Amino acid sequence: MMQETGGMAGEAGAAVSFEHSFRKLSGLEKLVLQRLALLFGATPVTEKELIGRLQTEITGTEVRLALLGLYRAELIELRHKLWGERLCVLPLPVLRMLAQYGAELALDAGRGGGHREKNGEACESQARVAALRGGRSSPEEEGQASLREAGVSEAAVSGGISLGLALFDLFFYASAQPLERKKDGAIVQKHLRRLEHLLPGTDSTWEGLVPAGLRPQQMSLSLAVLLDMGLRLGIMASSKEAYQVKEALLEVWLSADELSRQRRLYELWCRVYWPVLPFAQQAALRMECLALGEWTVLDDIVHSIEQTGCFAAEDIRAQRWVEQLIDGWLRPCAACGWFELSDGGKGPIRLRRLLPLLEAEAADSSTEAGAGWLVLPDFTVLVPPDCPMAIRWKLASAAELIRHDTVSIYRLSRESVQQACESGRDTEHIIGMLDRHSQQRVPEPVAAAIRSWTAEFSRVRLTRAVFIRFADAETADWFDGSYEEKEACERLGDTIFAIPLEAEASCRAWLAQAGLGAPLTPSGRAGGMNRHHHMSGRKLLNRQTSERQEPREAPVQQSLAAEGLLPGRDWGELFMLEPRRSSWRTLLYPELGDIPSTWLQEPRNYHASTRRQMLHRALEWQVPVELQIGSSLKRFIPLELVPGEADGWFVEGVELGPQGGQKRLSPEHWEQMRLILPGINDINKM
């Protein structure tokens, strides 16, 4: 199957697999697959619900047969609730393929269709806003102008704060100091004050994602959404004491290119917050296919969904489906930076897609190459949104974040440079880093100030170290003369040496190889020191690539954390997957092995009690029976068993064939019978 795990990374191969599987489907299977996609989308549905929605088109047995074929073609999943009720699920990757490759789903009308407002009109609108300001430029506009003058592309300065950038700030903060928790699990107040406004928008922006009764009471909803995504990415870890950053996974995340990160975030967002409402799912599929950067009227997307015939315009208006779409999907996605939403004022609501979110789409060259920052003479550093995260991390370790907007604004200060020095950076490292990744040379007054500040800080340096104490001076002298990295050590006495923390592991290995074994810790146990410290955000730089090299390429972490902070809509978390080892016969006909095989063979004469048991099975499996009435064999679909007088009973149902129709039969009406199970003893019906 086109696996959900691993997501869109294998979308090109999944497309080929989907087309191959779809071509082999029967007409009945294609019909049920299309109706399943339009009526329910990726929302789990019981077999009974699906049969009820399609009863005017095909019979229940035909629906069951089609589901069997789709399951065997690995185009649907079968899941079950804790109490055993089975659910059919159309995986989101398959739903996307149906939307992109059509198969008579009438989705083409929503792909970029409708009225589009070109970039020229948007520019005119911006010009009118500037005129209302009296010609004054905001600091952000001045920063954009400076970046354009430095040669940064228009696409690079047209974005804003995104979910990825907010996560960057969360990871940077949490890597410097774990987010301690109280006994009730709440984050301590000093962290909340710093973190509450990392994610753009107010709590109302995210209310459509989480029902009111399930929202956290101990932090804002925006912070809960942000922390939830960090946990689900696996980069944040939760314990009773604190939320902490997993440094190894963070390095991989920072080293990936921006487009890969955004696609991974969007894939995870879809897994957790994909709309439940089928109407909203159809709208979300169309939004994914909009032409990049072109404005589209939301009403045109709604109209294209109405044209499928599955959703009446009256229902859409009466049940406020469009409002649910905006609150539960469009507005949060716009706040994450994937779409831009215009409220329209008195006019129609418009939206446009900002990034190629699907793997099958070719990336625009402007999204592939990251740009550096611009250092201004007033110690302000302007950072465009496409600046690589690994490089941005270096800047954040030496400069203070002022705010994120269309461009991010950092400021160099005495305090921020002091923090960089405390993490092991010297003057030339700091100035070299700023200069190497800047669009222009660092202004000389800024460089001179940094040199002056670092000169003050270099007079005293605090260093974390490990002390090694030898049993006697003779062994200490031998170590002093033999240790290969003795330049990193400092001898403090006859038997004591100090080595930097980062050299402890190599020193321990060297001593073990020399036959001295693992040195004892102060607690008397062999092993590493019990360090009550963590690697700060600035110290994490020492584990990344050299500043004289570009960040290495690395795959974005694909695994999901066991659970997040908020209740999501990932059906993989809510319902258990039916084991693939289950026989399709067992899936279609539960407890098939419990019935005698003779019930499926040639028609036979059975006792009245056995006939009743066979009819019970036929009702349970929604299959016909074959009855010998006189000299003829009749196909009969039982609908209900009706009690008669005394111990008698009747069966009501529909006799198939030219002379058929609704009938009520008693057991004496037929001589012989057998069960008809499509796919087993009725192969021609498959």
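A residue counts as buried when its relative accessible area is under 20%, as exposed when the value is over 50%, and as partly exposed in between. The views below all come from a predicted model.

**View 1. The salt bridge between R508 and E504.** The closest N and O atoms of R508 and E504 are 2.6 Å apart. Both residues belong to helix α24, which covers residues 504–513. They are 4 residues apart there, so about one helical turn separates them. R508 has a relative accessible area of 19% and is therefore buried, because the limit for a buried residue is under 20%. E504 is buried too, with a value of 5%.

**View 2. The salt bridge between E288 and R96.** The side chains of E288 and R96 meet with an N to O distance of 2.8 Å. This pair links distant parts of the chain, as the two residues are 192 residues apart. E288 sits in helix α14 (residues 278–288), while R96 sits in helix α5 (residues 92–101).

**View 3. The salt bridge between E652 and R664.** In this pair the closest N and O atoms lie 2.8 Å apart. E652 is part of strand β20 (residues 649–655), and R664 is part of strand β21 (residues 661–665).

**View 4. A network made of D477, D480 and R491.** How many salt bridges does the model have in total? The count comes to 21, where a salt bridge is a side-chain nitrogen of Lys or Arg within 4 Å of a carboxyl oxygen of Asp or Glu.

**View 5. S397 in a loop.** Where in the chain is S397 placed? S397 lies in the loop between helix α19 (389–396) and strand β12 (400–404). The side chain of S397 reaches the backbone oxygen of W393 at a distance of 3.0 Å. S397 has a relative accessible area of 4% and so counts as buried.

Methods
Residues are numbered from 1 along each chain as its sequence is written. This is a predicted model: local features need pLDDT of at least 70, side-chain atom pairs count only at pLDDT 80 or more; totals for chains, interfaces and linings use all residues. Side-chain values use heavy atoms; hydrogens and water are left out. Buried means under 20% relative accessible area, exposed over 50%, partly exposed in between (1.4 Å probe, protein chains only). A polar contact is a pair of N or O atoms within 3.5 Å; within protein, one must be able to donate a hydrogen and the other to accept it, and residues adjacent in sequence count only if both atoms are side-chain atoms.
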